[in-house]
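Hello,

Here is the structure I said I would pass on. Have a look at it first, and my notes follow below.

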Amino acid sequence: MFFFKEIIKKNFFLYDFFTKLNLIIFHKNNIRILFYNTRKDLLYNFNILSNIADSKFSYNQISSLFNYKFKEIIFKEIKKKIKKKKIKILEIGTFDAHFTNWLSKLFPEGQIFTIDIDHKSKEFVKLEKKSVSSINTLLKIREKNLKRENIKFIKMNSLDLMKKFKKETFDLIFVDGFHKDPIVSQDIKNSLKLTKLGGFVVIDDLSYSKSNNSSLDGMKALNRLKKIQPKLLLKHVRPQNYNFKSFIGFFEKKN
Ligand SMILES: C[S@@+](CC[C@H](N)C(=O)[O-])C[C@H]1O[C@@H](n2cnc3c(N)ncnc32)[C@H](O)[C@@H]1O
């Protein structure tokens, strides 16, 4: 049985087929999922990624099927493209700082600024729908993750970004704060202003329809930006995309 599972895991087509069967039988997915071309999504993402820094992607390069970490891969590609090592990065939305910590290791010579609203504010509890005890646990995890020399955490509302960073610009901005308007639109507009020429803006969790975890408002705001040609990377490659897709948007700031 174990041997059989291992073979399936290594073969995209078999893995795709059995995942779809499992989703239909045990998770009540529509039979339409069987006809969804998951491979097309994978090739779409490989194409988007290979255009950033001329990297080559292939099936066997990333081993874990349907568990590709595209959020990490995109930052690795941007790192190759930017080349400079001492870069300045801004993350809007720290949460537990797990990703901030990962970024600080990917860019050990970079300086990472990460912002999040005051955890005592009503909005923080409301936004994260968390109890006080789980907020305390989250804050402990955050504190541990932020303990690196190249990370600077700032407790602030992203709506005050332009006041806070009057003279600073960044090589890379990761927009991952509140996903609804007016905040997300403002975050995207401000990020464009605060990015250096040749720098990148990456926006997490965009979608073409309303959903709790993805941002239709963010997608619209990104498309409203003038003189920008944003690209969209699928956040996940998996059969469930037949029903709903979320994207990571990004663009390079040019003249
Ligand atoms: C999706 S989480 C961030 C996840 C994190 N970047 C990661 O990759 O794991 C969104 C965070 O944005 C914060 N946030 C929401 N509204 C904000 C605002 N107006 N200004 C700053 N941070 C905000 C929330 O408190 C939450 O911690």
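Seven strands form an open sheet with mixed pairing, in the order E3-E2-E1-E4-E5-E7-E6. Strand E3 (151-155) and strand E6 (231-234) are the edges; each has a single partner strand, so one side of each lacks a neighbour in the sheet. On average, neighbouring strands of this sheet are turned by 20° against each other, direction ignored.

A word on terms: helices (H or I, at least four residues) and strands (E, at least two) are DSSP runs numbered from the N terminus, and two strands pair if DSSP finds at least two bridges between them. Axes are lines fitted to C-alpha atoms, for helices over the stretch in contact, with angles from 0 to 180 degrees between N-to-C directions.

This is a predicted model, where local features need pLDDT of at least 70 and side-chain atom pairs count only at pLDDT 80 or more, while totals for chains, interfaces and linings use all residues. Residues are numbered from 1 along each chain as its sequence is written.

Helix H4 (residues 70-82) lies across strand E4 (170-175), strand E5 (195-206), E6 and E7, at about 10° to E7.

Happy browsing!

Conventions:
Two residues are in contact if their C-beta atoms, placed from the backbone, lie within 7 Å.
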